[in-house]
Amino acid sequence: MRSYHAALSSHSLHRIFSRFRHTLSSQPPADVILPMATAEDSLRQALADKQSTIDARGNAIRQLKSSGASKSEIDDAVKALNALKLEKTSIESQLKASISGDANGSVISRDAFRQAVVNTLERRLFYIPSFKIYRGVAGLYDYGPPGCAVKSNVLAFWRQHFVLEEDMLEVDCPCVTPEVVLKASGHVDKFTDLMVKDEKTGNCYRADHLLKDHCKDKLEKDLGISSEKAAELKHILAVLDDLSAEQLGAKIKEYGITAPDTKNPLSDPYPFNLMFQTSIGPSGVSTGYMRPETAQGIFVNFKDLYYYNGNKLPFAAAQIGQAFRNEISPRQGLLRVREFTLAEIEHFVDPDDKSHPKYSEVANLKFLMFPRDEQMSGQSAKKLCLGDAVSRGVVNNQTLAYFIGRVYLFLTRLGIDEERLRFRQHLPNEMAHYAADCWDAEIESSYGWIECVGIADRSAYDLRAHTDKSGVALVAQEKFAEPKEVEKLVITPVKKELGLAFKGNQKMVVEALEAMNEKEAMDMKAALESKGEVEFEVCTLQKTVTIKKNMVSISKEKKKEHQRVFTPSVIEPSFGIGRIIYCLYEHSFYMRPSKAGDEQLNVFRFPPLVAPIKCTVFPLVQNQQYEEVAKHISRSLTAAGISNKKDITGTSIGKRYARTDELGVPFAVTVDSTSSVTIRERDSKDQIRVSIEEVAAVIKDVSEGRSTWADILKKYPTHTSASADE
């Protein structure tokens, strides 16, 4: 990649970048089955037909030659054949554009654009591979000074936008988690990916990634495959997440997929748990894991947090911290790593009342949404009004919608392009059995659409799981003003009969029976009374079992109650901070020509909110008086809480501007007198003149969003200087 990038001129990269920036992919994600008659299918069929015609013409020319036809007759036939080949080339170009979703050929552009961004980020030390002098370790990265500053600013805004403005309870829990906690949550048994091994070298690969890469490569690069074969490959991509180990292995064998590095045969797929295991204490008896998410620390503290909140619902708890996943084959830079920062919210709410008091504040927001029905029918994401989506039942409830709206506002204020941000609803095959509704905030990058935030209504699953495992009731109470006579559902599994029938699986069957809602339980009761037995799906066993009448008792009893005791539901927004930051880097990056036009200059257009340095201070020339003024301004900026950097090198002012533009610094102060200075804005390159004593106040106002640059331009005189465009 580096040698390819080096071979591109800066002008080529600028053109590539310009095409990429104006390309908004409208393709559905890979997990959607497209309608049969797409433009791509038509082009594949046209290409196959054209190839058949070319083959026939080629045979005809050979017959003309063997039969001794005249030269003019053969020349005319060859001319017609060449015309057909040109038509074939045109269809191939259209097909490539259709596959990539870009009439300008963005498959190449995206790679080159990404390399330009990554090269700049690594050269300016935003982030670099960890342990680089020892050749690094895949999936681990270090943030350098500007990267740390951007990350710190993103997290500070996250705290402001969510924790402070929503009055959340912030906690900080250990990264090392006892096995029993993650056993209860299901991570010990189910937090796995399917892995295959190179049978000769032992190198490991994610099985679904190999199959996915094979299908995508065939679709994108093998233009000669039939529309039927293309439909088959798309279907595999659509059901990839549902394939069992046996089905994945069968497809890998059918397509002859081998180890990417060595072309050696691969083992059958088998599950690999993604958690890093460790021992707690020197004895090695107590097993622990590095947490794969921060949420479990909040769930196990629910009882104390509920008490701290005055035993009132709803309330939200939040946590920012490191999480760890031992990825089988990390790739895509910061997007798939083994240690990363999560910011998670658990909003606890009464399952019978998921309204939100501040819902009206976001109900009129309009942005790209991708409901499951549109995905299943092969449509693209469309702008929808959030309130309309709730009223039509597209979004399950107000609280879920409120957080979707707040996430949208958070991301766009950070600098994410709203035209390249969509909220995609989970398809049925992606949804956990207990979830009421789930949406992902996906951001388009050079890698395609990337899930950066998950917003899920997880119902009461997590608190119930920890209640069952710990024996501590993680519940809430609603006290009645007057006692109420209520009809309660009573499900009593007959453990003796269930033990005889299901032996070691008895516990999971009992849990599934007790977890039934009222409709499911009453339907089972009716079926048992009429037929004596009923088929019952046990999700934790991943199979259907037969329940007989003597195995469970289901009834309703009337009782007088003074309070209602219930397990709260939880709405969980979960933010992958590293993914958001990488997408922000791409959305902020652009190139512009130098004044001489002989090179392209890199710029990050970070909003002041997240810029690593808010302001730089330059003496126009090396001069003792100017340098003293620069130091005075720098001290006043620091006292005002504005991050800044002095540059008193003798380099030309144009080069100093270019250096800071490449770091995304929004403002530059140039000292060219002892009484007043100029302030330059990065993207417009406009300059104003202000007195030395006003500099800190002006920069602070515009950096913190109290004023816009347009407001500042109206208030202060503009300054024109050729050096601003050097």
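Reader: Is Arg 458 buried or exposed in this model?

Author: Arg 458 counts as buried, because its relative accessibility is 15% and the cut-off for buried is under 20%. Keep in mind as we go that this is a predicted model.

Reader: Which residue forms a salt bridge with Arg 458?

Author: Let's take the general idea before the case. Side chains of opposite charge can pair when their charged atoms come close. Here Arg 458 pairs with Asp 462, and the closest N and O atoms are 2.7 Å apart. Asp 462 is buried too, at 3% relative accessibility.

Reader: How many salt bridges does the model have?

Author: With a side-chain nitrogen of Lys or Arg required to lie within 4 Å of a carboxyl oxygen of Asp or Glu, the count comes to 47 salt bridges.

Reader: How far apart are the closest N and O atoms of Glu 487 and Lys 556?

Author: They are 3.9 Å apart in that salt bridge. Glu 487 sits in strand S17 (residues 476-493) and Lys 556 in strand S20 (residues 552-566), so this pair ties together parts that are 69 residues apart in sequence. Lys 556 itself is partly exposed, with a relative accessible area of 33%.

Reader: What about Arg 682 and Asp 683?

Author: Those two form a salt bridge as well, with the closest N and O atoms 2.9 Å apart. Arg 682 is buried at 3% relative accessibility, whereas Asp 683 is partly exposed at 28%.

Reader: Which residues are linked in a network of salt bridges?

Author: Have a look at Arg 422, Arg 424, Glu 430, Asp 440 and Glu 442, which are joined in such a network.

Reader: Which residues make the contact between H9 and H11?

Author: From H9 come Ala 207, Asp 208 and Leu 211, and from H11 come Leu 248, Lys 251 and Ile 252. Sorted by class, this contact of H9 with H11 has 4 nonpolar residues, 2 charged ones and no polar ones.

Reader: At what angle do helix H22 and helix H24 cross?

Author: The axes of H22 (residues 624-639) and H24 (residues 695-703) cross at roughly 45° and come within 9 Å. These helices are therefore oblique to each other, and their crossing is right-handed. On the H22 side you will find Ile 633, Ser 636 and Leu 637, which meet Val 695, Ala 696 and Ile 699 in H24. By class, the contact of H22 with H24 has 5 nonpolar residues, 1 polar residue and no charged ones.

Reader: How many residues of helix H23 are buried?

Author: In H23 (residues 653-663), 8 of its 11 residues are buried, so the helix is mostly covered under the cut-off of 20% relative accessible area. Among them are Ile 653, Tyr 657 and Leu 663, along with the charged residues Arg 656, Asp 661 and Glu 662. After H23 comes Gly 664, which has a positive phi near 80°.

Reader: Which residues other than glycine have a positive phi?

Author: One of them is Lys 263, with phi near 65°. Lys 263 is in the loop between H11 and strand S7 (270-273), and at 58% relative accessibility it counts as exposed. Gln 332 is not a glycine either, and its phi is positive at about 65°. You can find Gln 332 in the loop between S10 and strand S11 (339-349). Gln 332 is partly exposed, with a relative accessible area of 28%.

Reader: And where should I look for Pro 314?

Author: Look in the loop between helix H13 (302-308) and strand S10 (315-324). The peptide bond leading from Leu 313 to Pro 314 is cis, with omega near -5°.

Methods: Residues are numbered from 1 along each chain as its sequence is written. This is a predicted model: local features need pLDDT of at least 70, side-chain atom pairs count only at pLDDT 80 or more; totals for chains, interfaces and linings use all residues. Side-chain values use heavy atoms; hydrogens and water are left out. Contact means heavy atoms within 4.5 Å. Helices (H or I, at least four residues) and strands (E, at least two) are DSSP runs, numbered from the N terminus. Buried means under 20% relative accessible area, exposed over 50%, partly exposed in between (1.4 Å probe, protein chains only). Axes are lines fitted to C-alpha atoms, for helices over the stretch in contact, and angles run from 0 to 180 degrees between N-to-C directions. Angles under 35 degrees count as roughly parallel, over 145 as roughly antiparallel, 65 to 115 as roughly perpendicular and the rest as oblique. A crossing is left-handed if the near helix is turned anticlockwise from the far one by less than a right angle, and right-handed if clockwise.
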